[in-house]
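Colleague: Could you walk me through how the helices pack in this one, and then the pockets?
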Amino acid sequence: MQEIIQYIFSGVTTGSIYAVIAVGLSMLYSSTELINFSHGEFVMLGAMGIVTLWVHLALPLPLAFVLTIAGVAGMGILFERFGIRTAKKHQPITLVIITVGASILLRGVAMIVWGKEPFSVPPFSSHESIEIAGAALVPQSLFIVVAAFVLAAGIHLFFKQTLTGKAMVACAVNKKAAWLSGIPSETMGVLAFIISTGTGAAAGIFIAPITMSSYDMGTMLGLKGFCAAMIGGLGSLWGAFTGGILLGVLESLGAGLISSGLKDAIAFILLLLILYLRPGGLFSAKVAKRF
C-alpha cells in the first residue's frame, strides 16, 4: 500500500504537467480548431528558458519565470503570424503539416543553441518532504499540482467571465459570423496562440526540476499532452485537465507495478481504447464546447 500511495503521488505530479500541456492544446483547438503538433517544442523552450535564465544567468526565479513565459509566448506570436496566417490554404491537414514542420525546426534550433547534453534544474523549494502513510510527498509536487490547478482555473474563468474569452469562443464556433459582429478574428487567433504557448512554457518550467531538460524532450511530452486531451475530450478544458491527471496516475502505477518499459506505451494504449470505445473522450463534444 505504501508503494501504491507513492506511485499515486508521483503520478499526480507528472499528470499535472500533462494536464497543463493538454489544457494548452485543448484551449487552442477550442479557439481556432487547430491541433498544434509543435506544442511540445514550446514546452521544451519553457524548460530550456528557465535553465538559461535561472540556472546559468542566476536571475531571480520570479523574473526568470515571467521572462521565459513572455519569450515563449512571443515565439508563439511569430509562429501564428508567419507560419499559420500566411498559409494559402487553411485546410486542417495543411495547418497540421505546418505545425509538424515547426516542431522539427524548433527542435533543430534548440539542438544548435543548447547542444545535445541534458540539463538539471534544482527544486524551487528547499523544504523537506512530507510523509503521508509512509509515502514521501515533496513540496515540489505540491507546487506543481497547485500551480496547474490555478492555471487551468484561470483560463476557465477567462473564457467564462470575460468578453475577450467569449469572443475567442465565438470565433471558433463561426469565424465569419463573429467577424460580422465586430470581433477581430485575427486578433483572437493571436491571443489564443499567446495563451496556448504560454501555458506550454509554464508546463516546461514545472517539469524542469523533476526531470532532465534537453532539446528533444518536447516530442514525447507533446504527444502525451495530446493523448491526455483526447482522453478527456479535445476542446474540453476540464476534460483535458482530468485526462492529464488520469494519464499520469495510470502511467506511474503501470510503470511501478507492472514494468517500467510500459511507461510510454500506456498513453497510447489509453488513446486507442478511448478512440474505440468513446471517440469524443470522457467528456462529450457538447460539454467540450461549453468548457
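Modeller: First the terms: axes are lines fitted to C-alpha atoms, for helices over the stretch in contact, and angles run from 0 to 180 degrees between N-to-C directions. Helices are DSSP runs (H or I, at least four residues) numbered from the N terminus. This is a predicted model, where local features need pLDDT of at least 70, side-chain atom pairs count only at pLDDT 80 or more, and totals for chains, interfaces and linings use all residues. Residues are numbered from 1 along each chain as its sequence is written, and side-chain values use heavy atoms, with hydrogens and water left out.

Colleague: OK, at what angle do α2 and α8 pack?
Modeller: Helix α2 (residues 39-56) packs on α8 at about 50 degrees, and their axes lie 7 Å apart.

Colleague: Which residues of α2 meet α8?
Modeller: With contact meaning heavy atoms within 4.5 Å, His 39, Phe 42, Val 43, Gly 46, Ala 47 and Ile 50 of α2 meet residues of α8, including Ser 196, Gly 200 and Ile 205.

Colleague: Switching topic, what volume does the largest pocket have?
Modeller: Its volume is about 550 Å³, taken as the space filled by probe spheres set on grid points that are joined across faces, edges and corners. A pocket here is an open set of points on a 1 Å grid over the protein atoms alone, where a 1.4 Å probe fits, with protein on both sides within 12 Å along at least five of seven lines, and lining residues have an atom within 4 Å of a point.

Colleague: Which residues lie nearest its centre?
Modeller: Of the 25 lining residues, those are Thr 32, Ile 84, His 90, Leu 95 and Lys 175, while α8 gives the most to the lining, with five residues.

Colleague: And how much space lies in the second largest pocket?
Modeller: About 470 Å³, and among its 21 lining residues the closest to the centre are Thr 14, Tyr 18, Thr 211, Glu 251 and Lys 263.

Conventions
Helix = DSSP H or I, 4+ residues; strand = E, 2+ residues; numbered from the N terminus.
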